[in-house]
Amino acid sequence: MARSPDANEATQDQHSATQKSKQRSGASDERPIIGVDDRVSIARAIPLGIQHMMSMFGSTVLVPMLTGLHPSIAIMCSGIGTMCYLLVTANKIPSYLGSSFAFISPIIAIGATQGLDAALSGVVVAGLVFLLFAALIKAIGTTWMDHILPPVLVASVIVVIGIGLSATAVRMAFYSGTDSFKALGAAIALVTLLSAVVFSSMPGLIGTIPVLLAIIVGYICAVAADLVDFKPVMDAAWIGLPKFHFPRFDWGAIALIAPIAIVVVIEHIGHLLVVGEVVDKDYRDMLPHSLAGDGIATVIAGFLGGPPTTTYAENIGVMSVTRVYSTQVFWYAASFALIVGGFCPKLEALIESIPVPVMGGVSLLLFGLIASNGLRTLVSNRVDFSLNRNLMIASVVLIVGTGMETAGISIPLGAYELPGMAVSALLGIALNVLLPRPKSQVE
């Protein structure tokens, strides 16, 4: 029988209290959780913040490299955007904002025809679309989510988010981002992956920064294998400002780019639900604040010359493996990104020198943890797969979503494209509405 929202909340509260009791009594053999509102010493916060910055760095830099925007601006805007997000959400949601992949194609198209300054006008308006959705959801409330987003659908979408990124991680790890297998790169990726696994099982500070330590181990191996080019690092200045690029408002660019924000809203909801599952909190009521934070960050990025922002799965994976959920750490990560992208080209060049296989190795773990959280959601909500409707919803969402994402397939909708995660989520919502419910669930 389906439980009411109140019953679900009571069960979640009871589960959270039990977990906290185990931690206080020492009954649990797992690493203690550092909660959202908890604080850690500066000595711990610094490496934890650097770890989050390193996790988002590769993807955040890749978007401007593909679109022609400046990587330094993207890094800086990720820091500024994350700070804005934390302020708007009152430090209640631990999330990091990085460059969104959903806008790559239209920005490239507009940049090639009308110029990147015109494309940036579409980025600014895309941020306003986020704010519009935030205001709309604030007005109508979030109770609709209980009806159209049941646990089986939420969990399946979470699995799609993780497994959908698997092809990217595998290509980075074993192909070094190219089209052919690279044995040396694969070996370094596996060393990096195994290092992260080993470090994550160790007690104390080491167990809370396994990703950062694994990247260091992988980087040292890459240096020994002569895969690191230090020339850009040596040539970069210690202090310098990035070259800002300002928008030129163009209605054609806006019409092409801004509507994609609707797709990213779906992605944003999925990420917010994942974060809630990871930290054991219900963030549905804070969805308007979360969308508003993302919208403000995207508007700022558009005005400075950066790509649109979105919450990052990589950083959710870091929280899963470290069990450190404190928003304080995200302030440190955002501050480091602001400094690296905005004021220190040499540090930016040093981080950019990290070989692709090293980042691929840690991505294998981080993306897998996201998918595992989806499976945990199925278990914790006791989803009954003897019910045909649950089986059908999960089957369609998982196969369509992971198939499209891993194959790089999207559905063209006029001037923009609908990615696999959004398609699978929409199909899941439609099936949840259309499929008959068991009599025990009909009120």
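Let's start with F249. Leaving aside residues up to four places away in sequence, F249 touches S121, V124, V125, I254 and F303. Keep in mind that this is a predicted model. Where does F249 sit? In the loop between α12, residues 231-235, and α13, residues 251-257. Now look at A118. F249 and A118 are 131 residues apart in sequence. In space, their C-alpha atoms are 5.7 Å apart.

Stay with F303, one of the residues that F249 touches.

Step back to the whole protein. How many helices and strands are there? There are 21 helices and 4 strands. The protein has 443 residues, and 52% of them are buried. Next, contacts between residues at least 6 apart in sequence. Of these, 83% join residues at least 24 apart. The accessible surface is about 19,000 Å². Carbon and sulfur atoms account for 67% of that surface.

Now the inside. The largest nonpolar core has 108 residues. Which members touch the most other members? They are M53, F103, I215, Y283 and I354. Take F103. Not counting residues up to four places away in sequence, F103 touches A126, I257, I260, A261, V264 and P308.

I215 brings us to a helix. I215 is one of the buried residues of α11. Helix α11 runs over residues 210-224, which is 15 residues. At 1.5 Å a residue, α11 should span 21 Å. The end C-alpha atoms of α11 are 21 Å apart, so the two agree. Here is a rule to remember. An α-helix has 3.6 residues a turn, so residues three or four places apart point the same way. After α11 comes D226, with a positive phi near 60°.

Next, α16, residues 313-322. Is this helix mostly covered or mostly open? Mostly covered: 10 of its 10 residues are buried. Among them are A313, E314, I316, G317 and V318. M319, S320, V321 and T322 are buried too. Let me pick out N315, which also lies in α16. N315 has a relative accessible area of 1%, so N315 counts as buried. What does N315 touch? Leaving out residues up to four places away in sequence, the list is H52, S55, M56, Y96 and F330.

Just after α16 comes R323. R323 sits in the loop between α16 and α17, residues 327-343. Its phi is near 60°, a positive value in a residue other than glycine. Why point that out? Most residues other than glycine have a negative phi. R323 is buried, with a relative accessible area of 15%.

D280 is another case. The phi of D280 is positive as well, near 65°. D280 lies in the loop between α14, residues 260-279, and α15. Is D280 buried or partly exposed? At 31% relative accessibility, D280 counts as partly exposed.

Now the cysteines. How many disulfides are there? The count is 0. Take C84: the nearest cysteine sulfur, that of C77, is 9.9 Å away. Sulfurs must be within 2.5 Å to count, so C84 is in no disulfide. C84 is buried, at 17% relative accessible area. C221 is partly exposed, at 28%.

Last topic: aromatic rings. A pair of rings is described by the distance of the centres and the angle of the planes. How many aromatic pairs are there? There are 5. One of them joins Y219 and F230. Their ring centres are 6.4 Å apart and their planes are at 85°, so the pair is edge-to-face. Y219 is in helix α11, and F230 is in the loop between α11 and α12, 11 residues apart. Y219 is buried, with a relative accessible area of 15%. F230 is partly exposed, at 36%.

And back to F249 and F303. These two form a tilted aromatic pair. The distance is 6.4 Å centre to centre, with 55° between the planes. F249 is in its loop between α12 and α13, while F303 is in helix α15, residues 287-304. They are 54 residues apart. F303 is partly exposed, with a relative accessible area of 39%.

Notes: Residues numbered from 1 in each chain as written. Predicted model: local features only at pLDDT ≥ 70, side-chain atom pairs only at ≥ 80, totals over all residues. Heavy atoms only, no water. Helix = DSSP H or I, 4+ residues; strand = E, 2+ residues; numbered from the N terminus. Buried < 20%, exposed > 50% of the residue type's maximum accessible area, 1.4 Å probe, protein only. Contact = heavy atoms within 4.5 Å. Areas by Shrake-Rupley, 256 points an atom, 1.4 Å probe, with all protein chains shown as cover. Core = buried A, V, L, I, M, F, W, Y, C linked by side-chain atoms within 4.5 Å. Expected span 1.5 Å × (residues − 1). Phe/Tyr/Trp six-rings, centres within 6.5 Å; stacked < 30°, edge-to-face > 60°.
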